[in-house]
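Keep the view open as you read.

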2 protein chains.
Amino acid sequence: MKIGFIGLGTMGRPMAGHLLAAGHQLFLYARKQIGPEFIEAGAMSCASASEVAQSSDVIILMVPDTSDVEAVLFGQAGVVHGLSAGKIVVDMSSISPIATKEFARKIRDLGADYLDAPVSGGEVGAKNASLTIMVGGSKEAFDSVKPLFEILGKNITRIGGNGDGQTAKVANQIIVALTIEAVGEALLFASKAGADPSVVRKALMGGFASSRILEVHGERMVQRNFDPGFRIELHAKDLNLALDGAKALGVSLPGTAAAQQLFNACMANDGKAWDHSAMVKALELLAAHSITAPAA
Amino acid sequence: MKIGFIGLGTMGRPMAGHLLAAGHQLFLYARKQIGPEFIEAGAMSCASASEVAQSSDVIILMVPDTSDVEAVLFGQAGVVHGLSAGKIVVDMSSISPIATKEFARKIRDLGADYLDAPVSGGEVGAKNASLTIMVGGSKEAFDSVKPLFEILGKNITRIGGNGDGQTAKVANQIIVALTIEAVGEALLFASKAGADPSVVRKALMGGFASSRILEVHGERMVQRNFDPGFRIELHAKDLNLALDGAKALGVSLPGTAAAQQLFNACMANDGKAWDHSAMVKALELLAAHSITAPAA
């Protein structure tokens, strides 16, 4: 299949590599250098997003934010200027669900189709082709693109119509942020009360408090390993999508708003590039105490 | 073994029943009626907590709150008046970790030993003998009482010294409350954005947002099933232990404090006896929207 791929950053580069390795013809466009490894393997470098759209059946976007998607799709030499009926735009970036519905409507008005297909799993998931992919759009478009998703990820779900993929991603990021806070407050309390946080973590893993976050990030908090992983500045961006969305939709998310303030506190303390589990460091500042094992 | 059991409420009654069925000699004391089923099966009814202590090797308490434990142990005709060296007091109530350390010190000063051994798993866990038991106290006392714990539960951990069992229970309740809020905010956002919350829940179950709470209480929120389960008024009591403990220890728990306010909002709306997953109803009030599937 002729696949366009726009955005070759930390996530996009390994994803495009998997598609190329699977034998697809790739048409690439990126703000920075494409990289000789792609060209040597037969991928075509395009001068603009519109040229990518003109050359491809499926046009995949993997760019940072809502405004980037808007510029790539509708800006000068953007995707719409090369689009024709029957093509499918697949936005795998994590952006606003509300803007997504508008973007999709405009693309469909041109006779093309649109899928929002944000991912979770981060850089490791992109490299290992083990991403979770949450898709919004028509059943027909989903079925056409599904073989490509299966090259990139493992847990692939069509949530519903356009925007619903981005909505699911936002819901995911809300849960992950608040569960990090849950585990952080619990282990910090336990440590300050004199219990061994690693023993508490293990004891709770079997019961109602168990979660992937307690398993993975609980261990990070105890081990004091805050290398990313998933950077706080990126999770803060995702919570902005939740809070902007909440404002636009008329929903109150008090816990999400408070978790965002803890990320802000981390970023104020040079923590932009800390792993998001380091949210606990903001709680530790407030308590003037870090999670530590009790003296033997 | 001669076992004293004080407190035959919702939790204590089935627990004492399991110990009796396992062939132990039981000495019972409760504020209300013991119940003929115990007497017919050979258990002895005692006139006071001190009489229970005098007759038994291990004295188990299962009463509502810190003040109840204090009264049963140290009040008029309390446990200490029948206690002698070598006996073990086992408090399975969920109470203050800080008060527990003081109670344990006083009991050990009398030559007896003390275990704090709060449980999670609720009424169902008590009836099915599948409780999670978090224990604080000496290794020797834990080893002596462990065969009894194994009659009552499945996931049994010695966390550390006295108080550490109660600390682990508080940590458990912090995580459970905040994870309920996490799932509630995420599914409410998804529903208001027009996605199907049951599909979102399923899609997220495989990834980093997965938890027992998303699995069990996420389903409750979608199905609108808020029959207890574990009542909000009991979870609010447990968060009080967390917040009182935080104040005494010098820890700040902003998320726990906010979650408690959501429980308060539920209780202000006749929700004392709702299942704790109904915390989402307070969020729904704020959003003037309940979690619902989109119109087909």
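Which residue with a positive phi follows α1(B)? It is G23(B), with phi near 100 degrees. The model is predicted. In it, 59 residues of chain A are in contact with 59 residues of chain B.

**Interface between chain A and chain B**
- About 5000 Å² is buried between chain A and chain B. Carbon and sulfur atoms give 71% of that area.
- On the chain A side, the residues that lose the most area to chain B are I175(A), F189(A) and F208(A). Together they make up 17% of what that side buries.
- There are zero salt bridges between chain A and chain B.
- Polar contacts do occur: 14 residue pairs are counted between the two chains, both residues at pLDDT 80 or more.
- Several elements of chain A give two or more residues to the side that touches chain B, among them α5 (97–109), β9 (153–160) and α8 (164–192).
- α8(A) gives the largest share of that side, 20 residues.
- By residue type, the side of chain A that touches chain B holds 36 nonpolar, 16 polar and seven charged residues.

**Helix α1 of chain B**
- Helix α1 of chain B spans residues 12–21. Its buried residues include G12(B), P14(B), M15(B), A16(B), L19(B) and L20(B).

**Cis peptide bonds**
- Most peptide bonds are trans.
- P228(A) and G229(A) are joined by a cis peptide bond, with omega about 5 degrees. G229(A) lies in the loop between α10 and α11 of chain A.
- In chain B, a cis peptide bond joins P228(B) and G229(B), with omega about 0 degrees. The loop between α10 (212–223) and α11 (232–249) of chain B holds G229(B).

- Most residues other than glycine have a negative phi.
- A77(A) has a positive phi, near 55 degrees. This residue sits in the loop between α4 (66–74) and β5 (88–91) of chain A. A77(A) counts as partly exposed, at 37% relative accessibility.
- A129(A) has a positive phi near 55 degrees. Its place is the loop between α6 (122–128) and β8 (131–136) of chain A. A129(A) is buried, with a relative accessible area of 17%.

How values were computed: Residues numbered from 1 in each chain as written. Chains lettered and ligands numbered in written order. Predicted model: local features only at pLDDT ≥ 70, side-chain atom pairs only at ≥ 80, totals over all residues. Heavy atoms only, no water. Contact = heavy atoms within 4.5 Å. Buried area = accessible area lost by both parts, 1.4 Å probe. Salt bridge = Lys/Arg side-chain N within 4 Å of Asp/Glu carboxyl O. Polar contact = N/O pair within 3.5 Å; in protein donor to acceptor, adjacent residues only side chain to side chain. Helix = DSSP H or I, 4+ residues; strand = E, 2+ residues; numbered from the N terminus. Nonpolar A, V, L, I, M, F, W, Y, C, P; charged D, E, K, R; others polar. Buried < 20%, exposed > 50% of the residue type's maximum accessible area, 1.4 Å probe, protein only.
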